[in-house]
Number of protein chains: 2
Amino acid sequence: MAKATLAEDTAQSIIQYILDNHLKPGDKLPTEPVFMEKLGVGRGTLREGIKLLAARNILDIRQGAGSYVSHQRGIPDDPLGLTFIEEDSKLIVDMLDVRLLFEPHVARLAAARAGEDEKAEIMAQAEEVERCIEAGESYVAADARFHRLIAEASGNKVFGNLTYILNTSIAQNIAITKDAQRDSNTIRYHRKIAQAIMDKQPDDAASYMNMHLQLLREFVREKMS
Amino acid sequence: MAKATLAEDTAQSIIQYILDNHLKPGDKLPTEPVFMEKLGVGRGTLREGIKLLAARNILDIRQGAGSYVSHQRGIPDDPLGLTFIEEDSKLIVDMLDVRLLFEPHVARLAAARAGEDEKAEIMAQAEEVERCIEAGESYVAADARFHRLIAEASGNKVFGNLTYILNTSIAQNIAITKDAQRDSNTIRYHRKIAQAIMDKQPDDAASYMNMHLQLLREFVREKMS
């Protein structure tokens with residue numbers, strides 16, 4: 001028990017170190033000897049603490065190369081606790097209904113508030129999704145990033161992570177089969193959403209996001225049930 | 001590496017066992033010898049698998065009493081990955097803005113769809129929150145359960161867990177100080193929301209939920225910034 005607590009204390013110190021030093025996803029932690037001295041703990045305890053944070057997706061341990069701040073930013077693998085909810089077309093529609101409540105509003109905020117850098121990133125990501133689709137590659141990750149960038153530009157600190165969670169929890173299944181109509185919906189509306197955000201047109205951004213998700217919902221209702 | 005994979009396979013087998021046997025939160029797993037035989041693994045591997053699931057809030061390990069299905073239902077400790085978002089009054093308002101998008105709609109669905117058992121549970125939980133407030137006890141958990149029961153009665157499988165997550169992530173801070181006006185808002189509107197759901201009045205349920213959260217938002221804006 002005492003050992004577990006020491007490891008947890010060390011994990012907390014590592015989190016504080018990351019915050020104090022403004023480390024970003026992908027940044028490397030100090031080497032073991034340096035870090036042991038900074039935190040005042042032994043090698044075994046340091047490793048236990050790092051393992052706890054890797055389990056929480058806060059750190060990535062790369063064998064032989066050290067530990068890095070994870071790109072997952074501490075978002076757990078099953079954030080919504082869906083392990084015990086049977087995944088079927090009802091769950092996928094339910095998830096889209098949740099996204100339909102949110103994402104048009106989020107796109108509206110993004111169009112009103114996005115800065116120039118954010119606009120450029122959103123447009124570039126719309127192009128990246130398009131490139132993936134045209135190359136016949138999986139675009140699940142690129143698509144989730146597009147929606148997340150919009151949510152992060154909304155100015156609400158919770159929307160970014162939440163949109164990422166809602167997009168990645170079960171999105172895999174929507175894109176599991178090839179479907180030309182779904183893909184052309186995605187290309188068409190991503191482009192329109194990005195353009196509306198570029199042009200600072202909140203109502204257009206909300207409307208195109210709504211269309212995009214409604215068409216996805218219709219696709220799931222007709223093709224997957 | 002091979003050992004880690006074996007533990008993960010065992011964790012997956014335990015999840016399957018829970019699903020196949022329809023175990024509910026609070027149910028006990030078989031004893032070690034029985035479970036080792038069922039899953040065809042050794043004691044060390046079984047314990048590693050159980051530890052992985054405890055870290056994911058799927059199981060509770062009670063020292064000397066065995067392992068139980070967790071009441072957390074696999075929802076992780078920091079589902080939104082807020083560890084790296086500084087908690088301040090802006091974050092609390094952002095969270096309320098997210099809840100304002102959702103919960104009036106969720107209350108509307110609940111009023112349209114709740115069954116008799118669900119209605120009775122929601123009303124009883126409104127009374128439990130009231131009892132906590134009047135006794136001067138913390139009502140954070142009782143309040144979160146009230147909102148979760150409504151979300152579960154909505155018929156959308158995602159809303160229940162999501163509402164619980166949004167309610168528990170930072171709700172602690174809203175209730176951290178004693179405030180008679182905030183508490184009387186909670187008593188008044190919880191009662192009205194519960195009654196609207198009892199009476200199958202979707203618009204009333206949505207409207208009272210909206211009022212309840214708007215007043216909380218006003219409270220945070222004025223008292224916490």
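Ser70(A) touches Pro25(A), Asn57(A), Ile58(A), Leu59(A) and Asp60(A), leaving aside residues up to four places away in sequence; a contact here means heavy atoms within 4.5 Å. This is a predicted model, where local features need pLDDT of at least 70, side-chain atom pairs count only at pLDDT 80 or more, and totals for chains, interfaces and linings use all residues. Side-chain values use heavy atoms, without hydrogens and water.

You'll find Ser70(A) in the loop between strand S2 (66–69) and helix H4 (89–113) of chain A. Helices (H or I, at least four residues) and strands (E, at least two) are DSSP runs, numbered from the N terminus.

Now for Glu128(A), which sits in helix H5 (residues 116–134) of chain A. Glu128(A) and Ala142(A) are 14 residues apart in sequence and 6.9 Å apart in space, C-alpha to C-alpha.

Here is how accessible the two residues are; buried means under 20% relative accessible area, exposed over 50%, and partly exposed in between (1.4 Å probe, protein chains only).

| Residue | Relative accessible area | Class |
|---|---|---|
| Ser70(A) | 2% | buried |
| Glu128(A) | 27% | partly exposed |

Not counting residues up to four places away in sequence, Ile150(A) touches several residues, including Val106(A), Ile122(A) and Met209(A).

Terms used: Residues are numbered from 1 along each chain as its sequence is written. Chains are lettered from A and ligands numbered from 1 in the order in which they are written.
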